[in-house]
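Welcome! Open your viewer, keep the selection tool at hand, and let's walk through a few stops together.

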Amino acid sequence: MAGRPNAAHGFYGWWIAASTFISLFVMVGLIYYGLPVFYTELIKEFGWSRADLTKPYFFSVLLVGPFAGFLIDRYGARRAMLLGIIAAIAAFLGFGRMRALEAYFAFYFLNTVGYFFAGPVPNQVLVSQWFRRMRGRVMGTAYVGLGIGGALAPLLFTYSIARLGWRQTFLAGALLIGAVLLPVVLWIVKERPQEMGQFPDGDAEPAAGASALPVIYLREAVRQPSFWLLAAGSFFSIGAIGSVIQHLKLYLVSLEYSNSEAAWVMSFLVISSIPGRIIMGFLADRFSKKAVMI
């Protein structure tokens, strides 16, 4: 295909970095951070409670999360991302047509499948395959896409809802997901450098000692205290962030912020995280990751 990137363009890993940036921009930035913008509209339309709106987030994550990593390892990041994109498109199409709370729960489950299978997890796997020395910097830069998308989502969806209505905005979101992400995954994403005759970081040959990296299986990892400490740290940090994102607009509106004012507060919250994504990625490549986490 004319214009399709290939190894002749140089190190293909930079195309993977760009695809990761775009994927996180859409799937996490626009979709994950943007969905709570609709909550106040659904309360007006259906009279649902806050608990009704946020409950599916908990149950969907609980059901999908444990299986996502296993399936990505088994079938590959590219296949998982295709599944996730299709699920997210179906979810937004369903949101735009739903009439009952049961339908909302079902489509929220599909949306969570989209988040897990086309969001941070498979993209982190891709970056880990293509980069070694520069992994932190590339991942930090890719996460800037998440930050930019998350900053734009409240403003973009609030504007669209005011002019098109929430149903048409959901349908436009489905079109956006398909138009942007399907070409990226189908034409750009490659699982490993070996598929393009290359090595991680664009090296001319495998890095010294790369083959000696230890392989740790899950049954061995779960016996280590460090595994459970990392899992607990991730659980509480992601849980805290997710709780704030899910409830922030509802809270701001309860304080009599307008939809527009709430959107700007939500946007600023994510904008303020962008420098941290870049800086922490750079530091993770230069210093002990444990020290950087602390």
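Begin by selecting what covers the buried residues of helix 12, which includes helix 1 (13–34), helix 7 (135–164), helix 11 (259–271) and helix 13 (289–293). Helices here are DSSP runs of H or I with at least four residues, numbered from the N terminus; contact means heavy atoms within 4.5 Å. This is a predicted model, where local features need pLDDT of at least 70 and side-chain atom pairs pLDDT 80 or more, while totals for chains, interfaces and linings use all residues. Residues are numbered from 1 along each chain as its sequence is written, and side-chain values use heavy atoms, without hydrogens and water.

Next, select residues 274–286, helix 12 itself. Which of its residues are buried (under 20% relative accessible area, 1.4 Å probe, protein chains only)? Pick Ile274, Arg277, Gly281 and Ala284. They sit on the same side of helix 12, because they cover an arc of only 95 degrees around the axis (taken from the directions to the C-beta atoms).

Now move to the aromatic pairs, meaning Phe, Tyr or Trp rings (the six-membered ring for Trp) with centres within 6.5 Å; planes under 30 degrees apart are stacked, over 60 edge-to-face, the rest tilted. The structure has 26 of them. Select Phe11 and Phe131: this edge-to-face pair has 5.6 Å between centres and 80 degrees between planes. Phe11 lies in the segment before helix 1 and Phe131 in the loop between helix 6 (120–130) and helix 7, so the pair ties together parts 120 residues apart in sequence.

Note on methods. Helices (H or I, at least four residues) and strands (E, at least two) are DSSP runs, numbered from the N terminus. The expected span of a helix is 1.5 Å times one less than its number of residues. Buried means under 20% relative accessible area, exposed over 50%, partly exposed in between (1.4 Å probe, protein chains only).
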